[in-house]
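Visitor: I am new to this structure and would like to be shown one part of it, a step at a time. Please put it up first.

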Amino acid sequence: RAVAMSVSHSSRLNKLVREQYMRLPQDGRVQVTYVWIDGSGEGVRCKSRTLEKEPKSIEDVPEWNFDGSSTAQAEGSNSDMFLVPVCMFRDPFCLDPNKLVLCEVLKYNRKPAETNLRHTCKKVMDLAKDSHPWFGMEQEYTLLGINGHPYGWPDNGFPGPQGPYYCGVGADKVYGRDIVESHYKACLYAGVKICGTNAEVMPSQWEFQVGPCEGIEMGDHLWMARFILHRVCEDFGVVATLDPKPMTGNWNGAGCHTNYSTEEMRREGGLKHIEAAIEKLSKRHDYHICVYDPRGGRDNSRRLTGHHETSNIFEFSAGVANRGASIRIPRQVGQDGCGYFEDRRPAANCDPYAVTEAIMRTTVLNETGVETKDYADH
């Protein structure tokens, strides 16, 4: 009974009945699901329409619109917002030839919505494209029952202390693997550059990794991976939260560690370029903390305590193989003298566009201080 009550009602609908309809032919027409980031800067929304033929590229997908007053993005008296398609994926829920399309959101005057952080990120990535920036982001998340309690935890208590759960195997070690593996397969089908997954330190907490992605592709693929995660969880009747500290006390928080390199860092002798980039980051710590979660650092202040494999939010640090530092240089990179480094500060609910843009502004465009430059459209 306890398990049944922790999942949503809709997940208990007969899925075999659904399959009967999903097998029906579409007569050449295609269902396209438009996906966008809402006014919270964290949530994703979606709606679908029919196209008369399969789109072969993003240019074949028309602009659309939605009611911004219902997504905290506009007032009711002037609520139409534009959906501008930017990246297309196969649809793992309705299957080929149907599509998922990630969109930017523009206001009535065609200026970017406040939570459309892709717009400036794209400008910065275009300016820095000759450095060929590669990113890989490690998205941690926690599975919750529909009652808001971590999925699989005792109803009136806590599981045993952390230790046996990280990369664990066994019914008493991990909860919700079906969701994790379904999400992985769905991302592979969609064309999302997912590259791995594992159980995390806190029970019911998991991580998937996306990358390597170059430039703007990082944000596009991570946002779509998040959408697919929420959609898979909906089918199973549980909730995936990206809250950076979903459980207070002696439990690990959730981050979105960001691995980064430029072409010169990846070449022989690249370690000196890695060290130079870290030096630039050390002088701009406050700016990065402000953009590494949606609330200007307030979410991360619950997570970056200096405990539970985190650095202290008020201090910048770097080290080889040090998971308690702001920046970790992997041991293999130290041995090889080239490669990448990991920024461990971004929160699980960060906007990947904001994180990757900030890293590029500081390490490639050589910005300093807390102000950012406004680059003209190219």
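Guide: Twelve of the twelve residues of H11 are buried (under 20% relative accessible area, with a 1.4 Å probe and protein chains only), so H11 is largely enclosed by the rest of the structure. The model is predicted, with local features needing pLDDT of at least 70 and side-chain atom pairs pLDDT 80 or more, while totals for chains, interfaces and linings use all residues. Residues are numbered from 1 along each chain as its sequence is written, and side-chain values use heavy atoms, without hydrogens and water.

Visitor: What span does H11 reach from its first C-alpha to its last?

Guide: H11 covers residues 352–363, twelve in number. Helices here are DSSP runs of H or I with at least four residues, and strands are runs of E with at least two, numbered from the N terminus. The expected span is 1.5 Å times one less than the number of residues. That gives an expected 16 Å, and H11 comes close to it, reaching 16 Å.

Visitor: Which residue has a side-chain oxygen close to the backbone nitrogen of tyrosine 353 at the start of H11?

Guide: The oxygen comes to within 2.9 Å of that nitrogen. It belongs to aspartate 351.

Visitor: At roughly what angle do the axes of H3 and H11 cross?

Guide: Axes are lines fitted to C-alpha atoms, for helices over the stretch in contact, and angles run from 0 to 180 degrees between N-to-C directions. H3 spans residues 118–127, and its axis comes within 9 Å of that of H11. The contact (heavy atoms within 4.5 Å) includes Cys121 and Val124 of H3 and Tyr353 and Met360 of H11. The axes cross at roughly 30°.

Visitor: Is leucine 117 buried, partly exposed or exposed?

Guide: Leucine 117 lies in the loop between strand S5 (99–106) and H3. Beyond residues up to four places away in sequence, leucine 117 touches Asp351, Tyr353, Ala354 and Glu357. Partly exposed lies between the 20% limit for buried and the 50% above which a residue is exposed. With a relative accessible area of 30%, leucine 117 is partly exposed.

Visitor: With which side chain does the side chain of threonine 362 make a polar contact?

Guide: Threonine 362 is in H11 and counts as buried, at 0% relative accessibility. A polar contact is a pair of N or O atoms within 3.5 Å, one able to donate a hydrogen and the other to accept it within protein; residues adjacent in sequence count only if both atoms are side-chain atoms. At 2.8 Å, the partner is histidine 288.
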